[in-house]
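Here are my notes on how the two chains sit against each other.

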Number of protein chains: 4
Amino acid sequence: MTSSTIDKLTELFNRFPGIGQRQAKRFVYFLLSQNDSFVKELINLVIQVKQETKYCVVCFRLSTKITDNACEICSDHKRDKTKLMIVAKDIDLENVEKSGVYDGCYFILGSLLPILEKNPEEKIRLRELIERIENLSTGNLAEIIIALSANTEGDYTAEYLGNYIASMAKDKQIKVSLLGRGLSTGTELEYSDSDTIRNALKNRQ
Amino acid sequence: MTSSTIDKLTELFNRFPGIGQRQAKRFVYFLLSQNDSFVKELINLVIQVKQETKYCVVCFRLSTKITDNACEICSDHKRDKTKLMIVAKDIDLENVEKSGVYDGCYFILGSLLPILEKNPEEKIRLRELIERIENLSTGNLAEIIIALSANTEGDYTAEYLGNYIASMAKDKQIKVSLLGRGLSTGTELEYSDSDTIRNALKNRQ
Amino acid sequence: MTSSTIDKLTELFNRFPGIGQRQAKRFVYFLLSQNDSFVKELINLVIQVKQETKYCVVCFRLSTKITDNACEICSDHKRDKTKLMIVAKDIDLENVEKSGVYDGCYFILGSLLPILEKNPEEKIRLRELIERIENLSTGNLAEIIIALSANTEGDYTAEYLGNYIASMAKDKQIKVSLLGRGLSTGTELEYSDSDTIRNALKNRQ
Amino acid sequence: MTSSTIDKLTELFNRFPGIGQRQAKRFVYFLLSQNDSFVKELINLVIQVKQETKYCVVCFRLSTKITDNACEICSDHKRDKTKLMIVAKDIDLENVEKSGVYDGCYFILGSLLPILEKNPEEKIRLRELIERIENLSTGNLAEIIIALSANTEGDYTAEYLGNYIASMAKDKQIKVSLLGRGLSTGTELEYSDSDTIRNALKNRQ
């Protein structure tokens, strides 16, 4: 064995989101200080989660509860099939579900589209989105909600998607909407940027 | 002279918004390190701003440009008299003006209403607001926009105001609206609270 | 399988130092988004590091380079056996080694001693420390450097250790020293606390 | 009057240390919201502090308690005239005095010396320092303590001063010392930089 098993593991933890070199090394020493049963459980759960987790072929969500290739939301007959929400990532879907205010279907894009990306279809699931809309609209798909973050990439992706599905939506008489803009919880008027004020004013009610 | 002129001045700067003891003392030494002309200009401007600044009798804004008791916005014939925006503080008005998206009139409430305040009329300008609405509605006041911060006190104040002017607004057929809620600029879906998601979804368009 | 493999793994990551619920879940989705080879390497390294890492029976450091029960530092004949530095944790030793300014031996205490701890010997390696000093002093141990953090627990532990080894050190004519106190890199005089100024002045040179 | 008295005053507050455009404007509205007696007291104290504050001709400190051109510290017969501490700014002196651990004399340099400054004597009080040392050493000046911040400019200034006064100090047999380096209060060993560890180890005791 060479000298660097600790260094190699530090290097892997360093790739975890938001983890720097120093915290990565603390993770290694944390694991070393834990008893074997903790480490065994951790490893087993990582293996298990990778094995049990599959992409839902309908919404492309990663889920451990796939039945007949579909996740528990897509299999749920009580979900409203007339609404389709497009989100960028699994964790966005989780956050919307946690809010408990949406009962429609989802589609996971995979990520936001980098500005001026040359090959959009390699970065986000465009063909799959078209198929998804096709399948749903044989039912009664009435609305597609583009639910992306309110930042530059989110806006760029929303505009790209809007154009991409425009004629299809028009043909099938599907409404395409965007999440509302305005003051978010905690925003103080004094510190709001002009865009937020404009939106808050436009969307007043 | 006693020992404490520096301490006394530090104490006064300490009352400035957001300024602690240590920074207050740095202000004193900063002033001491400046030449006399800077200090003279500062004092003159403070005196001048206090003298020249008056409350506009129409919107209760503090302004240095009062003509016939009214500020430059209230005197401006091009401002839309059919819309009245109620804000808490002068600096909120400034921020809305900076955004350049509103061309109606204003009313400065004075502050937000503390939760469960026993004597609301001593904290915010309620009687003056009624008068303001009376005066404007002899014209064609069509809408009152309650434009307060999206926090607990802001929401409490908005609800209080809504109830307070409800029957008057109904009688005079004036619409009462609130600033739109939803994603504000920069908000990521992953980190949004449930309230913001609910509002963003409700106000989608 | 129940619904909670993702939740269970999130829960385990949540116990990692400095990791909250939300970041723990991001770790899970990060792992899910990685290909199998990354996950396999991670698991293998975790297993390997646990297997290969042993406590050095001399300094009680965790190391992957144990030969005849001793780590690479304790086995190194070029290290100065007349100096013993007591540190709280492995990562403190790593940081001292990184500085490259110390060529003596170490002893890992295990942690700092909580204030007013009833059973110190259950929290930190006290008996092992005595043994370590005994063994080294048959050689020419000349100095024990208590190298702990400059905070309340560090100072308490240092005082406790100082008393604990005082008579032994006196008998064997071993000097006991503490890390120097004063301005650390980047400290500005204006913002220094009184303790630091006192130490910086006392230790001026 | 033009439109900009508020803007002009905002601009002046903007020059205060650590104050941005937005907080500067809050200061203006804060003053406008205060009654006349507050503003009068503020102005009077600013005038008073400028009038009453003079440079001590001995240590070059700004003080409101100048008697015969010397500040209350320089006039105090109980202060130890064998020690002279050189600090960069008045506020450093204040912080040292607050710690209550020093009973010698001071000299205020004016600022730190920018790296590679071409005309040092225009930035810091070099000639005055020489005079100060001359005057004190006719008594029994035994030690000059260079007490500067532990950062790049502080170190550069300390080195410059050390060279500048070296031969004079040698002639007069005055010891020249620097503030001690090491762990400052609250420093954790795990997060210390190599320089601090080196100093803490070198200055152990």
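1. Let's start with the charged pair. The side chains of A:E190 and B:K89 form a salt bridge, at 2.9 Å from N to O. Bear in mind that this is a predicted model.

2. On the chain A side, the surface touching chain B draws at least two residues from each of β3 (80-87), α4 (90-99), β5 (143-146), β6 (175-178) and α8 (194-202). The largest share comes from α8(A), with 8 residues. Sorted by class, that side of chain A has 18 nonpolar, 16 polar and 13 charged residues.

3. Now the interface totals. Contact involves 47 residues of chain A and 47 of chain B. About 4000 Å² is buried between the two chains, and carbon and sulfur atoms give 53% of that. If you want names, A:L189, A:R204 and A:Q205 supply 17% of what chain A buries against chain B, more than any other three residues.

4. The largest nonpolar core has 46 residues, and A:M85, A:I86, A:I133, A:L161 and A:L179 touch the most other members. The top contributor is α7(A), with 5 residues.

5. Take a look at A:L179 in particular. Leaving out residues up to four places away in sequence, A:L179 touches A:I145, A:I146 and A:A147, and from chain B its contacts include B:L183, B:L189, B:A200 and B:L201.

Notes:
Residues are numbered from 1 along each chain as its sequence is written. Chains are lettered from A and ligands numbered from 1 in the order in which they are written. This is a predicted model: local features need pLDDT of at least 70, side-chain atom pairs count only at pLDDT 80 or more; totals for chains, interfaces and linings use all residues. Side-chain values use heavy atoms; hydrogens and water are left out. Contact means heavy atoms within 4.5 Å. Buried area is the accessible area (1.4 Å probe) that two parts lose on being put together, summed over both. A salt bridge is a side-chain nitrogen of Lys or Arg within 4 Å of a carboxyl oxygen of Asp or Glu. Helices (H or I, at least four residues) and strands (E, at least two) are DSSP runs, numbered from the N terminus. Ala, Val, Leu, Ile, Met, Phe, Trp, Tyr, Cys and Pro count as nonpolar, Asp, Glu, Lys and Arg as charged, and the others, Gly among them, as polar. A nonpolar core is a set of buried Ala, Val, Leu, Ile, Met, Phe, Trp, Tyr and Cys residues joined through side-chain atoms within 4.5 Å. Buried means under 20% relative accessible area, exposed over 50%, partly exposed in between (1.4 Å probe, protein chains only).
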